[in-house]
Amino acid sequence: MTRLAIPKTYKLYIGGKFPRSESGRTYEVSTKDGRFLANASLASRKDARDAVVAARSAFAGWSSATGYNRGQVLYRIAELLEGRRDQFVDELSATEGLTKPAATAQVDTAIDAWVWYAGWADKYVQVAGNANAVSGPYFNLSTPEPTGVVAIIAPQSGNSLLGLASVIAPAILTGNTVVVVASESAPLAAVSLSEVLATSDVPGGVVNILTGSPAEIAPWLAGHADVNAIDLAGAGLLDWVDLQIIAADTLKRVLAPEDGAPPPSLERIVAFTETKTVWHTKSLI
Amino acid sequence: MTDREKPAPSRFLDYAPAPESTSILHLKPSYGLFIDGEFVDGHGAPFTTISPATEQPIAEIANADSSDVDVAVAAARSAYTRTWSRLSGADRGKYLFRIARLVQERARELSVAESLDNGKPIRESRDVDVPLVAAWFFYYAGWADKLDYAGLGPNPRSLGVAAQVIPWNFPLLMLAWKVAPALAAGNTVVIKPAETTPLSALIFAEILQQADLPAGVVNIITGAGNTGEALVNHPDVNKVAFTGSTAVGRAIAKSVAGTGKKVTLELGGKAANIVFDDAPIDQAIEGIVNGIFFNQGHVCCAGSRLLVQENIHEDVVDRLKSRLMTLRLGDPLDKNTDIGAINSREQLERIRQLSDIGEKEGADRWTAPCKIPDKGFWFAPTIFDNVSTSSTIAREEVFGPVLSVLTFRTPAEAIAKANNTPYGLSAGIWSDKGSKILAVADGLRAGVIWANTFNRFDPASPFGGFKESGYGREGGRHGLAAYLESAGWASPQAISTTGSTSRKKATS
């Protein structure tokens, strides 16, 4: 006698909670050969706005946490992913049609990327900032600070788990909070990653994940006045120049589309930081 | 008795006129475009640059149309390919050192030209603008052969041709901010000075000739907004650097979307200058004055919103008014002048309009009693007290000698009010308590924060904004990143090996 399995309801991840789309809409997610897997939430403009509100609310706390603290939280994500390795391998096999070794390689790479980025959280300031020897009696120090709320279009063709690590980790390790539009065709890993995030000491609202149509949601995020930056990593097949034009209205920082999952890099970390330079007089003694 | 009716400052503050002589200038009646090392005629209708203090014409200036822009960009491209990108960093540095020295040698001449054309007091052009120009070239000269240490990985690459558009408030200094790092990094340049202040850039072109800088490495084209637009949108430029209004910055960000051009934007600001009740008050008063009345308030990082702690509000405003009554407004070339001329009739009109709106919206207006010259564009130092956070003059950049005064009670309120703006360029903090300063500085969303000082600039110190004040930094090591691209770091080994089948390298 075989046990009847309990399928999972795949929902959005906003402000640390798992709501359905306020629109009530879902879309069908299937395997490469067309077998039904799940009904994922089809996020709406309102869901995107709610996610931005959640991200903004979380920004003050997350950006003022210590680098050591943020590093530990990111490392904790890797720990929990490691514990759920098999689940992710199964999901990637089903949604992306990967062989087991290929799916395993992607999960392992994603975990290693989280670990690599975790280690940067208390170091990037030393590498990206510096003291400035100015001509006068002033203490003068430049340090990178998080840009704010970052909207991210996650990689869309394959790499549905690794792609998330490679765009979320570099953005949040500096203290940014993010609204991520997951891979449209393979959103299940993103929802399962949300469950990992929800249980790994990431404060609610730091990472918000929407499933659905990037073409539908991205313009609202690109135009949202409370979003400071947009990462178009997975927007290569959208009208991404239009998104960049919309983003220019509020002078957002924009990263252009990339092929596949962006490799781990310090540049990705620094891309969504702002250099703050503080001068202070020194008294003449 | 209102302040306006108080007696004028006592006689001892009256000085005999002490104008700087203009005999040091060797101005030509007309200036061409500086393209490929030579002055050439432009194809647009020439325009006249005037002194905003007297409205007298200074010289006729060529106007570059799009065909001139094409020629200038082609000259820069050719100089990039054939000359500049092939020079060693050490040799590029030597040219920049030469330029720094030539600027120092001709410093007085440049200062006089700047004050004449821009309207800023000679005290400022002589003691701030031009010395910083020389310092900027000297600083970046030394970087030219040390780019491996700029923090972008080994062998960072220059971008190519940089299109640069600069404003009228610090004409030559903005040129230095743009040209020095671009050249040090190995790029060539086409730069457009502002329409109302082209003079110092054209004298600078003569300096480039004296430095024997290879032809085409720096091209200076004069004209109005459409010249700048043609330059920024030119398909053969690789980099766009702009300093100016947020509105134009937005238009540029749109026009370069999808082109792959690297962009840095240095835009508007509405800086909060926060004065706590434990501030060194005499220094704070000087800092407030310097913060908003330096360069007639034509400063993107001007401390235009004074946030003063409620319990010292009256005292600070009273002291401020009596200090402002000692400021001398008048001839920019006079060595005793504190407040020069407003740069243009257009800008004066904007300052007047915004001030009128401030008054209509209920803020208390006070204007320093000073004699306004008959000719020229002038605006006396003005304070608006009891300004609300929603008031237009608390939100919009006035870009003139107009200070809005708001109050706060707690540090948290000060931070919230300071950050309550789409801008994020600069801020000031006045307090004698170090721990408070550092905590407030942490909370401010601004790119440059001055504690117990204001409006300090240095080539070693990065400058640039958060939010809608633009992106990118000018100055310091960070300023080099605007003109270089990384040739790539080695990928983290453990990650790149395990994931090799499913991952692609980023295209560079």
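Modeller: Let's start with a stretch of chain A, residues 27-234, whose end C-alpha atoms lie 20 Å apart and which is 51% helix and 18% strand. Keep in mind that this is a predicted model.

Biologist: What feature does UniProt place at residues 27-234 of chain A?

Modeller: The UniProt entry is an unreviewed one, and it gives that span a domain label.

Biologist: Is helix 7 of chain A enclosed or open, and how many of its residues are buried?

Modeller: Helix 7 covers residues 188-198 of chain A. Among the buried ones are A:L188, A:S192, A:E195 and A:L197. The helix is largely enclosed by the rest of the structure, because the buried residues number 10 of the 11.

Biologist: Where does the side chain of B:H298 reach a backbone oxygen, and at what distance?

Modeller: B:H298 is found in the loop between helix 9 and strand 13 of chain B, and at 0% relative accessibility it counts as buried. Not counting residues up to four places away in sequence, it touches B:W168, B:N343 and B:F399, among others. The backbone oxygen belongs to B:F399, and the distance is 2.8 Å.

Biologist: And B:V398: how far is its C-alpha atom from that of B:L348?

Modeller: B:V398 is in the loop between helix 12 and strand 16 of chain B, and its relative accessible area of 4% makes it buried. Leaving out residues up to four places away in sequence, it touches B:K270, B:Q347, B:R350, B:I351, B:L354 and B:I393. B:L348 is 50 residues away along the chain, and the two C-alpha atoms are separated by 10.0 Å.

Biologist: Now for the two chains together. How much area do chain B and chain A bury between them?

Modeller: On the contact count, 51 residues of chain B meet 48 residues of chain A. Carbon and sulfur atoms account for 55% of the buried area. The total between chain B and chain A is about 4,100 Å².

Biologist: How many salt bridges are there between chain B and chain A, and how many residue pairs are in polar contact?

Modeller: One of the salt bridges joins A:E274 to B:R473, with the closest N and O atoms 3.9 Å apart. A salt bridge needs the nitrogen within 4 Å of the carboxyl oxygen. The count of salt bridges is 2, and for residue pairs in polar contact across the interface it is 26.

Biologist: Which element gives the largest share of the side of chain B that touches chain A?

Modeller: Several elements each supply at least two residues to that side of chain B, including helix 14, strand 18, strand 19 and helix 16. By class, the side has 22 nonpolar, 16 polar and 13 charged residues. The largest share is 5 residues, and it comes from helix 8 of chain B.

Conventions:
Residues are numbered from 1 along each chain as its sequence is written. Chains are lettered from A and ligands numbered from 1 in the order in which they are written. This is a predicted model: local features need pLDDT of at least 70, side-chain atom pairs count only at pLDDT 80 or more; totals for chains, interfaces and linings use all residues. Side-chain values use heavy atoms; hydrogens and water are left out. UniProt positions are given in the numbering used here, feature names are shortened, and annotations may be inferred rather than shown by experiment. Helices (H or I, at least four residues) and strands (E, at least two) are DSSP runs, numbered from the N terminus. Contact means heavy atoms within 4.5 Å. Buried area is the accessible area (1.4 Å probe) that two parts lose on being put together, summed over both. A salt bridge is a side-chain nitrogen of Lys or Arg within 4 Å of a carboxyl oxygen of Asp or Glu. A polar contact is a pair of N or O atoms within 3.5 Å; within protein, one must be able to donate a hydrogen and the other to accept it, and residues adjacent in sequence count only if both atoms are side-chain atoms. Ala, Val, Leu, Ile, Met, Phe, Trp, Tyr, Cys and Pro count as nonpolar, Asp, Glu, Lys and Arg as charged, and the others, Gly among them, as polar. Buried means under 20% relative accessible area, exposed over 50%, partly exposed in between (1.4 Å probe, protein chains only).
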